[in-house]
Amino acid sequence: QVQLVESGGGLVQAGGSQRLSCAASGRTFSSYAMGWFRQAPGKEREFVASISGSGHSAYYATFVKGRFTISRDNAKNTVYLQMKSLKSEDTAVYYCAAGPSVARGQRSYDYWGQGTQVTVSS
C-alpha cells in the first residue's frame, strides 16, 4: 500500500513558475514509477509526465514542450514537478500516481493522491 500526498499548489501569475511535490509512504518508493496527471474544469484527467523508479527515464506530454520537469528523490520518497512559463490553460488539479512501470495511461497506476489545485492567472 502506498499513500501519496501532493503539495505546492496555489495561485501563480501567467509566465511564473511553481514546483509541486508528492510525498509517498512506504519503504519501496524506488520500485514504483511515478506519474503526474491533471484535470481541468470540465475536462478529463490527462497525462502530464512520468518517471521511472530509478529516475533515469522520464516522459512528457506534448503540451509540456520543455516547460515542465519531473524528478524524484528516492531518499526522501518524493517526486517533483517543476513547472515554468505557466499559462492559464495549465490551471487544473494536479495528481501524482504510483505504478509498477512508466506509462502514460492512467490505468497503469495503482495509487493516487488527492490532488493539489494550481491556478494560473492571466
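How many salt bridges does a search of the whole structure find? The search finds 3 salt bridges, a salt bridge being a side-chain nitrogen of Lys or Arg within 4 Å of a carboxyl oxygen of Asp or Glu.

1. Basis of the model. The structure is a predicted model, in which local features need pLDDT of at least 70 and side-chain atom pairs count only at pLDDT 80 or more, whereas totals for chains, interfaces and linings use all residues. Residues are numbered from 1 along each chain as its sequence is written, and side-chain values use heavy atoms, with hydrogens and water left out.

2. Overall fold. The protein chain has 11 strands and 0 helices, where helices (H or I, at least four residues) and strands (E, at least two) are DSSP runs numbered from the N terminus. The C-alpha trace spans about 40 × 25 × 25 Å along its principal axes. For 122 residues a compact globule would have a radius of gyration near 14 Å, and the 13 Å of the protein chain agrees with that; the radius is taken over C-alpha atoms, and the globule rule is 2.2 Å times the number of residues to the power 0.38. Among contacts (heavy atoms within 4.5 Å) with a separation of 6 or more, 56% are accounted for by residues 24 or more positions apart.

3. Burial and surface. Of the 122 residues of the protein chain, 45% count as buried; buried means under 20% relative accessible area, exposed over 50%, and partly exposed in between, with a 1.4 Å probe and protein chains only. The accessible surface of the protein chain comes to about 6400 Å², and 45% of this surface belongs to carbon and sulfur atoms. These areas come from the Shrake-Rupley method with a 1.4 Å probe, and for residues only the protein chains shown count as cover.

4. Salt bridges of Arg38. The side chain of Arg38 meets that of Glu46 in a salt bridge with an N to O distance of 2.8 Å. Arg38 counts as buried at 6% relative accessibility, whereas Glu46 is partly exposed, with a relative accessible area of 33%. Arg38 also forms a salt bridge with Asp90, again at 2.8 Å from N to O. This pair links distant parts of the chain, since Asp90 lies in the loop between β8 and β9 and Arg38 in strand β4, 52 residues apart. Both Asp90 and Arg38 are buried.

5. The side chains of Arg67 and Asp90 meet in a salt bridge of 2.7 Å, N to O. Arg67 is buried, as is Asp90.

6. The disulfide. With a disulfide taken as a pair of cysteine sulfur atoms within 2.5 Å, the count comes to 1 disulfide. The disulfide joins Cys22 to Cys96, with 1.9 Å from S to S. Because Cys22 lies in strand β3 (residues 18-24) and Cys96 in strand β9 (residues 92-99), the pair ties together parts that are 74 residues apart in sequence. The link of Cys22 and Cys96 is right-handed, with 50 degrees about the S-S bond, and both Cys22 and Cys96 are buried.

7. The nonpolar core. A nonpolar core is a set of buried Ala, Val, Leu, Ile, Met, Phe, Trp, Tyr and Cys residues joined through side-chain atoms within 4.5 Å. The largest such core has 34 residues, and those with the most contacts inside it are Leu4, Met34, Trp36, Leu81 and Tyr94. The largest share of this core, 5 residues, comes from β9. Leaving aside neighbours within four places in sequence, Leu4 is in contact with residues including Cys22, Met34, Cys96 and Trp112.

8. Backbone points to check by eye. Asn77, in the loop between β7 and β8, has a phi near 55 degrees, a positive value in a residue other than glycine. Asn77 is buried, with a relative accessible area of 17%. Ser85, in the loop between β8 and β9, has a phi near 50 degrees, likewise positive in a residue other than glycine, and at 38% relative accessibility Ser85 counts as partly exposed.
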